[in-house]
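Here is a short report on one protein chain. Look over the sequence and the structure first, then read on.

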Amino acid sequence: MKMRFVFSIGAIAAIAAGCTNNPLGGSTTGSAAERDYEQLSGTWQLTRGVENGKPVPASVLKRTILITDHNTFRFPKASGAGTHRAGSFTVNPATRPKQVDSTAAGGPHAGQLTRGIYEILDANHWRACWGPSGGPRPTDFRSSPGSGRILQDWKKIRPVPSR
């Protein structure tokens, strides 16, 4: 369960990273997607998580850091991300709720698509809800027991670090 949560965090990271391709086809360069990618880029602290209806322990929240840079994401080694540490994502801000698709770059879920939804709350906060890897996209920001969903709230703690 912990590994699955971490994988989902990666998927969420992917949403924050940013991309210029609309998952439904067509380019979104210079559009609302570009604005969202810009807002989602940064270094983020997980402030709340719910996996399959169960709250993520505070000890896991505290060490879960996500770095997104345009359409890529990564977790620093200290964050404890388990199934994969990096990947990419695409956003579609034209839908309600906004949609995000994440793809892991490695690990047991490499290449597998995880579908989610996201909302930018303000310049320093956003949230996402992820469906089960390879499963359907959520339609609301809830994670109830048996749903397989992961709900996450993120707080920006600094800009994207230099590599």
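What does the accessible surface of the protein chain come to, and what share of it belongs to carbon and sulfur atoms? The surface comes to about 7300 Å². Carbon and sulfur atoms hold 54% of that area. Keep in mind that this is a predicted model.

**Layout of the chain**

The protein chain has 3 helices and 9 strands. Along the sequence, the order is α-α-β-β-α-β-β-β-β-β-β-β. Buried residues account for 48% of the 163 residues. Now take the contacts with a separation of 6 or more: 56% of them join residues 24 or more positions apart.

**The cores**

In soluble globular proteins, nonpolar side chains tend to be buried together.

| Core | Size | Residues, among them |
|---|---|---|
| Largest nonpolar core | 21 residues | Leu66, Val91, Tyr118, Trp126 and Trp154 |
| Another core | 5 residues | Val50, Cys129, Phe141 and Leu151 |

The residues named for the largest core are those with the most contacts inside it. Several elements give two or more residues to this core, including helices α2 (32-40) and α3 (58-63). The core of 5 residues lies apart from the largest one.

**A look at Gln99**

Gln99 sits in strand β6, which spans residues 98-104. Is Gln99 buried or exposed? Gln99 is buried, because its relative accessible area is 16%, and buried means under 20%. Beyond its neighbours within four places in sequence, Gln99 is in contact with Thr90, Val91, Asn92, Gly116, Ile117, Tyr118 and Arg137.

Definitions and conventions. Residues are numbered from 1 along each chain as its sequence is written. This is a predicted model: local features need pLDDT of at least 70, side-chain atom pairs count only at pLDDT 80 or more; totals for chains, interfaces and linings use all residues. Side-chain values use heavy atoms; hydrogens and water are left out. Helices (H or I, at least four residues) and strands (E, at least two) are DSSP runs, numbered from the N terminus. Buried means under 20% relative accessible area, exposed over 50%, partly exposed in between (1.4 Å probe, protein chains only). Contact means heavy atoms within 4.5 Å. Accessible areas come from the Shrake-Rupley method with a 1.4 Å probe; for residues, only the protein chains shown count as cover. A nonpolar core is a set of buried Ala, Val, Leu, Ile, Met, Phe, Trp, Tyr and Cys residues joined through side-chain atoms within 4.5 Å.
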